[in-house]
Amino acid sequence: MIGAIIGDIAGSRFEFNNHKSKEFELIVPECNFTDDTVMTCAIAEALMTKGERETLQEAAIRTMHSIGKHYPNCGYGYYFYTWILNDLTEPYNSLGNGAGMRISPVPFAFDDRAQMLEAAKAVTEVSHNHPEGIKGALAVADVIWMARQKMSFEEIRQTVNEKYYKLYFTCDEIRPTYEHVETCMESVPQAIEAFLESTSFEDAIRTAISIGGDSDTIACMTGGMAEAYWDVPEDIRELAEKYLDARLLDIVRRFENRYQNRI
Ligand SMILES: [Mg+2]
């Protein structure tokens, strides 16, 4: 999850001011965490605190509502903001990027792929129950799961092409014309392609931001994948953690301690 958070923070200043190059200072003072980080933490908290009498769906609704309310101005889309603020529990057929931006903790919490995909669907369908929303979340989760197994980029690419999206472009090809869109179909394949072209964790984040679009969210999704495959440099982690408040940092620490053997 820290990879996703780093991507969100690095991409935050380019969301509405795209930077179509891999050359930039990765994290600067004007950066901040956004809804991508908050909801990633909420899903991590749901996985860790799901009660015995609670379904994972119920846990996800509980944590997204309770944690989400602490950050009313972090960049939610209108409908999601309404869903959080009013404690709505019914999904609203979203196919927005929120499905993919918050999913990265799930593939770190399950070794069994089928169980992992079931959990990914559960935490997604509580709001993003449009088939393309669910597909976007499952694609991101599955790529992270495959990256954790250190499957080759070729193998991952083949699986994505067969199960989720046809990856028919390179980042260089789309960079000149790709624009800000907030749907899974127009963002998740791009985030996956950025990961599959990466040569390091940092290069993955830079590539994701360089194509433009919904930069914090694309870098967040790519960052989750890159964390599972490459090592996250300690200096980048330490810098990003300074941007989190105590509540979110505590969730990251507990999650990594429990699922990623980090002390
Ligand atoms: Mg955001």
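**Close-up 1. Ile236 in helix α14 of the predicted model.** Helix α14 spans residues 234–241 and includes Ile236. The relative accessibility of Ile236 is 6%, so the residue counts as buried, the cut-off being under 20%. Beyond its neighbours within four places in sequence, Ile236 is in contact with Ile6, Leu26, Phe201 and Glu202. Asp172 is 64 residues from Ile236 along the chain, and the C-alpha atoms of these two residues are 25 Å apart.

**Close-up 2. Protein donors of the magnesium ion.** Four residues supply the donor atoms: Thr34 through OG1, and Asp35, Asp36 and Asp216 through OD. The donors lie 2.1 to 2.4 Å from the ion. Their spacing in sequence is T-D-D-x179-D. Thr34 belongs to the loop between α1 (2–11) and α2 (35–49), whereas Asp216 belongs to helix α13; the pair therefore ties together parts that are 182 residues apart in sequence. Both Thr34 and Asp216 are buried.

**Close-up 3. Packing of helix α8 against helix α13.** The helices shown are α8, residues 131–148, and α13, residues 215–229. The crossing of α8 past α13 is right-handed. On the α8 side the contact is made by Val140, Val143, Ile144, Ala147 and Arg148, and on the α13 side by Met221, Gly224, Met225, Ala228 and Tyr229. By class, 8 residues of this contact are nonpolar, 1 is polar and 1 is charged.

Methods. Residues are numbered from 1 along each chain as its sequence is written. This is a predicted model: local features need pLDDT of at least 70, side-chain atom pairs count only at pLDDT 80 or more; totals for chains, interfaces and linings use all residues. Side-chain values use heavy atoms; hydrogens and water are left out. Axes are lines fitted to C-alpha atoms, for helices over the stretch in contact, and angles run from 0 to 180 degrees between N-to-C directions. Helices (H or I, at least four residues) and strands (E, at least two) are DSSP runs, numbered from the N terminus. A crossing is left-handed if the near helix is turned anticlockwise from the far one by less than a right angle, and right-handed if clockwise. Contact means heavy atoms within 4.5 Å. Ala, Val, Leu, Ile, Met, Phe, Trp, Tyr, Cys and Pro count as nonpolar, Asp, Glu, Lys and Arg as charged, and the others, Gly among them, as polar. Donors are N, O and S atoms within 2.8 Å of the metal (3.2 Å for Na, K and Ca); water is not among the atoms, so sites may look incomplete. Buried means under 20% relative accessible area, exposed over 50%, partly exposed in between (1.4 Å probe, protein chains only).
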